[in-house]
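Good morning, and thank you for the time.

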Amino acid sequence: MRSSSEQSAVMVVERAEDSGDKEKKKNKRRSNRRSKQNSPNPAFSSPNELRGESSMSVGNGGKTKCCTASMGCLSSRQLELDANPLSKHGPTSSGIAFSSMPIMHVNERPEELVPSDLGGSILAKSCPEPIVGGGPRGRSLPSHQVEGQAQSKIFAPYWSMETVNEALEKGDAFKVLFRVNAHNRLEAYCKIEGVPTDVLISGIAAQNRAVEGDVVVIKVDPLSFWTKMKGSNGPSNNLSTAEDSNLCLEANGKAGGSSKGKSKLNMDFDCADYGNSTVPQKGFHYEASSRNGDELNGPVGYNSVNGYHQSASDSSPVPSTGKNEVLNGVQRMCATISSYPSKRPTGRVVAIIEKSPRRDAIVGFLNVKQWFYYRDGCKKYAKRNKSWLSISNHEYIEMIPTDPRFPKLMVLASSLPDCIKKRLEDEDATVEMELVSVQIDDWSDESPFPEAHVSCIFGRGSEMESQINAILHENAICCSEFSQESLSCLPSNTWEIPKEEFQNRRDRRNLCIFTIDPSSGTDLDDALSGQRLPNGLVRVGVHIADVSYFVLPDTALDMEAQIRSTSVYMLQHKIPMLPPLLSENVGSLNPGVDRLAFSIFWDLNSSGNVVDRWIGRTVIRSCCKLSYEHVQDIVDGMIDAETCNSFGDDLPQLHGHFEWADVIGSVKCLHEISKTLREKRFDDGALQLESSKIVFLFDEYGVPYDSMLCERKDSNFLVEEFMLLANRTAAEIISRAFPDSALLRRHPEPSMRKLREFEAFCCKHGLELDTSSSGNFCRSLEHIKEKLKDDSVLFNILVNYASRPMQLATYFCSGDLKDNMNDWGHYALAVPLYTHFTSPLRRYPDIVVHRTLAAAIEAEQLYMMYRRMSHKVMPGEEVPRCFTGICFLKDAAGSSEGREALSAAALKHRIPCTELLADVAAYCNKRKLASRQVKDACEKLYMWVSVKRKEVLLSDARVLGLGPRFMSIYIHKLAIERRVYYDEVEGLTVEWLEATSTLVLNICASKRSVRRAGSGYYRALDEVAWVINPCDDHTLEPDMESTKGCSAVQHSDPISKSEIDPLVFPLTVRLLSTIPVALHAIGGDDGPLDIGVRLLASSYFT
């Protein structure tokens, strides 16, 4: 697959080889165009003056005929819809000059026409001269880039702030987050708080220059112009009709119509929405500078590894004004949606309130080949005008983003870095292989594309280091070293616990405490202990590193930790939130050394109920560092007190007076009670969508060479149960003690519409699914798992789809939702209160929670002291734990002594106010999402590298969707979903049997190069299928020549060596059937990274 510059090259070559008669006609048209360019009023009287038919390559090498036009060209149908969303039959009030736009055929792709495919007819034989107008910021553009561009405004002007505020107060407009469909950039969705359905913003005119992540103000269209909801004709069997929605758009030529590979299943329709997340203010610190280690907010993204959007955060919109009028506006919309459930509201952007930080970090490639053709045409003018030899201020180069949610951009060639300009002057075409980042400077209402400048150059797009640096850059990850001011806040590496801390804390060094982490883990922030009591209860202890002791509020270290907000993990690398001296040494719960901790102890009975609990600051000493593998071996009985000595160095070192029998006994005790807690949690309605996880295998150079699927085991669940219980306990204490200033975590209910679609699909295939609650959902999935016990692959696919309606959990301030406590709950965990407490070495919110807990504990101690001093407690009478015990004493909190104690403790520990804490929560949400996007992008990169090293990877796939044009398949070994398009393929016949949802593909003897209807060429068969002749000697093994000299060839290759038998033509494909496919790596030096897929088939007619 090549860039659009190559498509322009095809146009140039083919035209240069035309006959003499054609050349004369071209010269005549060229002369006409030049005269128009030199005229004082360049206007066009008809579309034919702008269009010239050309033959150009599309897709992976196939050909099509299309119409070329200006930089601003779009389909006439697209412009009709964009210019006036309230009109269904053409523009009546737009100022767009439609005569300058070409006609687009139904199956043509809007994105293919702009701007790199423009004006090809003038590149080979003429030197175009600049014309005034049409360029970004009113600058001149070369006519090969702007030929035929309309002079009138394309976009409507933004509303004034006065108008915006008035409309927001009246509920006539809404402040929302702008989210773009990654499979179709002409579709964007905005979530209005309290409205169950997203508002569709379709077409570039309606989007009005907004980009992914912008906070915008939208105006909702009247009901008569709302679109039809996808799948609204009845119960949806979405997975079995994967292309229904796309066919509808393409067949009708609607704005935002999907092109091949650009649309998606309804089920994963929306992307995550985190709301109006701003960086902390008013005392919490941040840096507003842009790149290279300085903090910026990350955008909302999608799971690029699996090829679909992450679950939509449908109830986390940007907050609006909260006025009664706004509420009335929301109520009116809800009433209309309820009355017309088959309609999707549409709207348009009228103002941009807050620009997305991603505007400063758009990664992609420069399309320099087209620029070279333009320069070649100018060379013959160099003798007459030497200024043509240098790069002028009128030349633009197209930049194509790797993220499909962003538009193409125009970069002023004279603004390029000197190193790139020098290479361009030397005609170095490899510049287009360089991965760069640009910043948007301006987007005028007269230009369909924003103007930008290159801000960063990463290197070749096929190199891992370049890709990783680009990933970190576009997600605003701080990669710089910690400042000296931050490091000065830390103790020395020989630090020991001060004596006064032993007096203020409980000493628990005599307990058998150990950590359980990955074998390569270095930041150990949680430890466990377990012991059976004489009364039959089990006392479980969770011990968390007391990071808040070292990271004091408003210090330089606190500022930097807040800016980073979270550690970023990239499988082979880690970017820590805190300096290694703290996160891996004095703050980490390393074995054999005294450490400060926050500990929670529970006394649990055999049913898993908490009988009593204690929480406070302690001093502990871990006796050993266990890995998950060690714990699993203990649980499975492979390691016990009698055989442990035979393992020798395979077991970690024990410290202190403890024996392996003590550790093994504690692990088994904890495992037993964790199973009880887990069973109890699911009985109470918890939901867990457990699926296999991709694990990559790396060679000694840190390069991935293979991958495998891995499932979590009992050792993972053991740790998980106690961390969940600790987080729930912390949430209860801080929300009761400080109801206005508790940092909590919520998980909204999933998109019910998507759940209903998934439920209908399962029902169609005889699988009963109840989504009325999280508990019923989980239980019905367990029943399906039992029913599909012989088809675990299909069940994993169902779990994958079941997770898509789920929304992302987010941090919030309790006081911010004080009047709406029903929204505090966590849907998946089925608990009313939850927070993060157990990972303070890698999450800043946990540090905030630690401070709040410390304040609650201190307030409790102060209250008890006040009671004794006021003689309200009889001598010898024990004062109950009023704020941290199982029972929270409201009377104590509401008393004068209680209020005074809570206020004094909050002041001492710098507990933030509601408004400030809400900003911190929103900022942490953005940074957490950015960290997740880095992890997902790195996984996609590693997958791409491992597949590229194999050249071809053979695998089985399951068919999830079928139709006359394409099938949707799921490759279980890589846990990704892809599409195979088989329409308009040379030498391939397609028979779609609607009644039985059956597809028949066959090879035809006669070859058709030109479509029967419409312009263009058929695609080559080898783009869709790898067809093997049985008479040939094919081992179906990947060609490993590309890995010679690499260490990967020394490793086992479990995926590539699996036996995959090809299908035989004619192919008969049904829903949920298994088919063989051949996978290959796409992109790198010439585009975004992706995994391509072809059918694996066999035929004698090859």
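Predicted model: local features only at pLDDT ≥ 70, side-chain atom pairs only at ≥ 80, totals over all residues.

Let us begin with Asp-517, which lies in strand β17 (residues 514-517); strands here are DSSP runs of E with at least two residues, helices are runs of H or I with at least four residues, and both are numbered from the N terminus. Residues are numbered from 1 along each chain as its sequence is written, and side-chain values use heavy atoms, with hydrogens and water left out.

Is Asp-517 buried or exposed? With a relative accessible area of 10%, Asp-517 is buried, where buried means under 20% relative accessible area, exposed means over 50%, and partly exposed lies in between, for a 1.4 Å probe and protein chains only. Apart from residues up to four places away in sequence, Asp-517 touches Leu-524, Asp-526, Leu-626, Ser-627 and Tyr-628; contact means heavy atoms within 4.5 Å.

Asp-526 itself lies in strand β18 and also counts as buried, at 10% relative accessibility. Leaving aside neighbours within four places in sequence, its contacts include Asp-517, His-543, Leu-589, Met-723 and Thr-838. What does the record say about this pair of residues? An unreviewed UniProt entry lists Asp-517 and Asp-526 under "binding site"; UniProt positions are given in the numbering used here, feature names are shortened, and annotations may be inferred rather than shown by experiment.

I turn next to the strands around Asp-526. Strand β18 (residues 526-532) runs antiparallel to β19 and is joined to it by 7 bridges; two strands are taken to pair if DSSP finds at least two bridges between them. In general, strands of a sheet pair through backbone hydrogen bonds, either parallel or antiparallel. Arg-532 stands opposite Val-538 of β19. The hairpin of β18 and β19 has 5 residues between the strands, and Gly-536 there takes a positive phi near 90°.

On β19 there is a further pairing, with strand β22 (residues 594-604), antiparallel over 8 bridges. Val-538 has Leu-604 as its bridge partner in β22. How many residues of strand β19 are buried? The count is 7 of the 8 residues in β19 (residues 538-545), which makes this strand mostly covered.

The packing can be described through the nonpolar cores, each a set of buried Ala, Val, Leu, Ile, Met, Phe, Trp, Tyr and Cys residues joined through side-chain atoms within 4.5 Å. The largest nonpolar core has 104 residues, of which Phe-514, Leu-528 and Phe-722 touch the most other members. Helix α22 (residues 844-869) gives the most to this core, with 13 residues. Among the residues that Phe-722 touches, beyond four places in sequence, are Leu-528, Val-540, Val-542 and Trp-602. A second, separate core of 79 residues includes Ile-468, Phe-696, Leu-941 and Val-959.

Elsewhere, a closed barrel of 5 strands runs β11-β12-β13-β15-β14, with mixed pairing. Its twist averages 55° from one strand to the next; axes are lines fitted to C-alpha atoms, for helices over the stretch in contact, and angles run from 0 to 180 degrees between N-to-C directions. Strands β11 (residues 362-367) and β14 (residues 434-442) run antiparallel, joined by 3 bridges, and Gly-364 stands opposite Val-436 in β14. Helix α11 (residues 464-474) lies across β11, β14 and β15 (451-460), at about 145° to β15.

Some backbone details deserve mention. Most residues other than glycine have a negative phi, and most peptide bonds are trans. Ala-476, in the loop between α11 and α12 (484-487), has a positive phi near 55° and is buried at 3% relative accessibility. Ala-975, in the loop between β30 (966-971) and β31 (976-981), has a positive phi of about 55°. Finally, a cis peptide bond, with omega about 0°, joins Phe-1065 and Pro-1066.
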